[in-house]
Amino acid sequence: MILLFSGVCLSFPFVSGIKSGKNLASRRAWLLFMTVVAFFSNGTKNRGNTMGKPVMAFLIRSHSTRRVGLNSASQRAFFTRTIVPPLSLSGLTRRQLLETSSLAICSGQLRQLAIMSSKGDNNNSVGGKKDDDKIVVPETVKNVPLGNLWSPEEYSIPSSFPDIKSDLPVGQRIVSFGDIHGDIRALKQFLVTARVMDDATSKWIGNNTICVQCGDILDRGDEELECLRLMASLARQAEEEGGALVMLHGNHEAMNAEGHFQYANPGGNFEFDHFIGKKLDQQLNTPLWRLQYADNQPARWAACEPGGVLAQQLLSNMKVVVVVGRTCFVHAGLTAGHIKNYGGIEGMNRATRDWFLNGAYGEFNNTGQYETLDQIIRAAQNRAEAGTTSIPDCLSGGIGDSSPIWMRSYSQPANRAPTAPNAQGLIDDALNAIGHDVQRMVMGHTPQRHINAALKGKAWRVDVGASKGVMSGSPEVLEIIHKGAKNGDDIVNVLTMYEGVVPSKERQIVEF
């Protein structure tokens, strides 16, 4: 700890040089220092790998634009290429390279994988077996997206729900709730409060109810995959009963797809490795597929990226925006500009689906055949850059951006009227652009104390920070009965765990 603290203090002057990409000497000096720190923190058998993994993750993820405020595709691409200078390791044999202390910047696991890779050769026979000291992998699995090799059915959700479902029967019940962030307890409370899941059996009891979850299932919690499995199971059951459970993409799903994991919990990473990573080890008969991700949470990345393990069955079938009856649902917000520039609601959902199905990074190395450490680092950087530069505009962005999964014009500040300039005009124009007699927009993204409505009842904010990784808020659910009133208006209520049904008029934000 003393070494780490001293090093952080000593290396602080180099940080600006690293981020700016202008001071090559500073970048190399700081990289050398971090190599030494990682070596002493992870270089012996009994010390574990407490430092190696974070250091390696920094080297791969330091191009993350959200940390340095770079938002355009050109800025992100430039930063990715320049942030980590190539290591000078010439003159070493492959085995010497992989065993040298320079590899201490990797975690213990990655170092072991790299050494394992060096023991094989490029002429292994096909058969998927371990032969003496060599890992043998069938040729058919070496250079294809991992989602083509394994796509677990337990995460599958229906793809049949339309992007716009405005023609509903009178009395159709619609419920919606906000961010989950890997908290299975909060998710179950949402579902029980919504009266769509039996608490004892975890079975769908909502009949033909349409339930919309507004994104951000991932990050900040330890039970992300458990949440996904439960929601996928309920979505399949709901379809059989004539109902639906629709899942939306949030900014955290997009970040995970791009390889940005700064908001992931250690427990969540362990869950991904247990349920995804170990299964891939078995499917491929080798752990060497992990090398292409350079130890930047390989199981999580392999699951969430385009062409990944969860892409076909789950991520490609989630939506960015959906219209149900007279209500538009989106993670953060929608403007008329989004509708115009991104091909409408159908265009956004189509682009997202195509990206997850067909946007896989083109250079797969599922057998871990690398000659140098620099190749490993560059492979992961190229993969991250490919995801960041190819992601659809409707899913792109960062803190402060105005995309449908990042904007806060309608939801900030929490519990008060929005302060964004002309927020009322923005949402009025957006609802007009959507058409279909849409009267309100439902969004998550910004935690509120309670579900509330702003901008003359047109912006319903349903993120109550229920996850213990956020603020352990009390789960609440928005309920809409389509044309349920005698005059043909929708009936809108808030369902709570402890206060029963709260009429919409009691949750209006008064604007002065």
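Visitor: In which loop does Pro 413 lie?

Guide: Pro 413 lies in the loop between α16 (373-390) and α17 (423-434). Helices (H or I, at least four residues) and strands (E, at least two) are DSSP runs, numbered from the N terminus. This is a predicted model, in which local features need pLDDT of at least 70 and side-chain atom pairs count only at pLDDT 80 or more, while totals for chains, interfaces and linings use all residues. Residues are numbered from 1 along each chain as its sequence is written, and side-chain values use heavy atoms, with hydrogens and water left out.

Visitor: What kind of peptide bond joins Gln 412 and Pro 413?

Guide: That bond is cis, with omega at about 5 degrees.

Visitor: Moving on to rings, how many aromatic pairs are there?

Guide: The structure holds five aromatic pairs. Rings of Phe, Tyr and Trp (its six-membered ring) pair if their centres lie within 6.5 Å; planes under 30 degrees apart count as stacked, over 60 as edge-to-face and the rest as tilted. One of the pairs is formed by Phe 177 and Phe 190, which are stacked at 4.7 Å centre to centre, with 15 degrees between the planes.

Visitor: Where in the chain are Phe 177 and Phe 190?

Guide: Phe 177 belongs to strand β4 (residues 173-177) and Phe 190 to helix α9 (residues 184-193). The two are 13 residues apart, and their pair links distant parts of the chain.

Visitor: Is Phe 177 buried or exposed?

Guide: Phe 177 is buried, as its relative accessible area is 0%. Buried means under 20% relative accessible area, exposed over 50%, and partly exposed in between (1.4 Å probe, protein chains only). Phe 190 is also buried, at 0%.

Visitor: And how are Trp 289 and Tyr 293 arranged?

Guide: Trp 289 and Tyr 293 form an edge-to-face pair, 6.1 Å centre to centre with 75 degrees between the planes. Trp 289 counts as buried at 0% relative accessibility, and Tyr 293 counts as buried at 0% too. Ring pairs link Trp 289 and Tyr 293 with Phe 261 and Trp 301 into a cluster.

Visitor: Which ring does the charged end of Arg 229 sit over?

Guide: The charged end of Arg 229 sits over the ring of Phe 275, 4.4 Å from its centre. The criterion is that NZ of Lys or CZ of Arg is within 6 Å of the ring centre and within 35 degrees of the ring normal.

Visitor: Last topic: what is the phi of Asp 295?

Guide: Asp 295 has a positive phi of about 65 degrees, although it is not a glycine. Asp 295 is in the loop between α12 (266-284) and α13 (298-304), and is buried, with a relative accessible area of 3%.
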